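Student: I have a new structure open and would like to learn how to read it. Could you walk me through it?

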Amino acid sequence: MKSFLFSLVILAGACFAMAQESSVQETQFKVFGNCNMCKARIEKAVKIDGVSYAKWNKSSKMLKVAFDTTTVTGDSLQQRIAAVGHDTEKFKAQDSVYEDLPGCCLYRDNATTH
Ligand SMILES: [Cu+2]
């Protein structure tokens with residue numbers, strides 16, 4: 001009986017260790033953009049080491065990402081996207097970078113209605 005309890009403890013410990021090891025986090029946040037060129041630009045900006053998944057949805061403006069939390073943070077991904085000209089929930093792209101985007105990508109003009 002004692003050894004049975006002991007193996008239960010070991011098993012529980014192993015499960016706990018495995019749960020701790022999984023450092024991949026999935027999240028999504030809003031990224032402003034218009035077209036498929038925006039999509040390519042946004043996804044390319046976050047395709048770095050530690051990011052295993054990145055897909056931007058043109059109609060919902062949501063970017064889904066999966067990344068390794070030991071090497072990447074959600075904020076750093078949003079900053080990378082802002083750096084290529086796309087506003088995110090937390091970070092705004094610099095005007096000079098935004099103005100250099102192709103005309104079809106100038107999403108801020110489309111936001112004047114609200
Ligand atoms: Cu575009």
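Tutor: We will go through a helix, a core, a metal site, the cysteines and the salt bridges.

Tutor: This is a predicted model, in which local features need pLDDT of at least 70, side-chain atom pairs count only at pLDDT 80 or more, and totals for chains, interfaces and linings use all residues. Residues are numbered from 1 along each chain as its sequence is written, and side-chain values use heavy atoms, with hydrogens and water left out.

Student: Which residues of helix α3 are buried?

Tutor: Start with the terms. Buried means under 20% relative accessible area, exposed means over 50%, and partly exposed lies in between (1.4 Å probe, protein chains only). Helices (H or I, at least four residues) and strands (E, at least two) are DSSP runs, numbered from the N terminus. In α3, residues 74-83, the buried ones are Leu77, Gln78, Ile81 and Ala82. They sit on the same side of α3, because their arc around the axis is only 140°. That arc is taken from the directions from the helix axis to the C-beta atoms.

Student: What covers the buried residues of α3?

Tutor: The cover includes β1 (24-30), α2 (36-46), β2 (51-56) and β3 (62-68). For single residues, read contacts: heavy atoms within 4.5 Å. Leaving aside neighbours within four places in sequence, Ile81 is in contact with Phe29, Val31, Ile42, Ala45, Val46, Leu63, His86 and Thr88. Thr88 lies in the loop between α3 and α4. Thr88 is buried, at a relative accessible area of 6%.

Student: Which residues touch the most other members of the largest nonpolar core?

Tutor: A nonpolar core is a set of buried Ala, Val, Leu, Ile, Met, Phe, Trp, Tyr and Cys residues joined through side-chain atoms within 4.5 Å. The largest one here has 21 residues, and Leu63, Val65, Leu77 and Ile81 touch the most other members. At least two residues come from each of α2, β2, β3 and α3. The most come from α2, which gives four.

Student: Which protein atoms are donors of the copper ion?

Tutor: Donors are N, O and S atoms within 2.8 Å of the metal (3.2 Å for Na, K and Ca); water is not among the atoms, so sites may look incomplete. Here the protein donors are Cys35 (SG), Cys38 (SG) and Cys105 (SG), 2.1 to 2.2 Å from the copper ion. Their spacing along the chain is C-x2-C-x66-C. Cys35, in the loop between β1 and α2, and Cys105, in the segment after α4 (95-99), are 70 residues apart. Cys35 is buried at 17% relative accessibility, and Cys105 is buried at 0%.

Student: How many disulfides does a search of the whole structure find?

Tutor: A disulfide is a covalent bond between the sulfur atoms of two cysteines. The test is a pair of cysteine sulfur atoms within 2.5 Å. The search finds zero. The sulfur of Cys104 has its closest cysteine sulfur in Cys35, at 3.7 Å, too far for a bond.

Student: How many salt bridges does a search find?

Tutor: Side chains of opposite charge can pair when their charged atoms come close. The cut-off is a side-chain nitrogen of Lys or Arg within 4 Å of a carboxyl oxygen of Asp or Glu. The search finds five. One joins Glu43 and Lys39, with the closest N and O atoms 2.7 Å apart. Those two are four residues apart in helix α2, so about one helical turn separates them.

Student: Which residues do shared partners join into one network?

Tutor: Take Arg108. Its salt bridge with Asp87 has closest N and O atoms 2.7 Å apart. Arg108 also meets Asp95 in a salt bridge, at 3.0 Å from N to O. Salt bridges with shared partners join Asp87, Lys92, Asp95 and Arg108 into one network.
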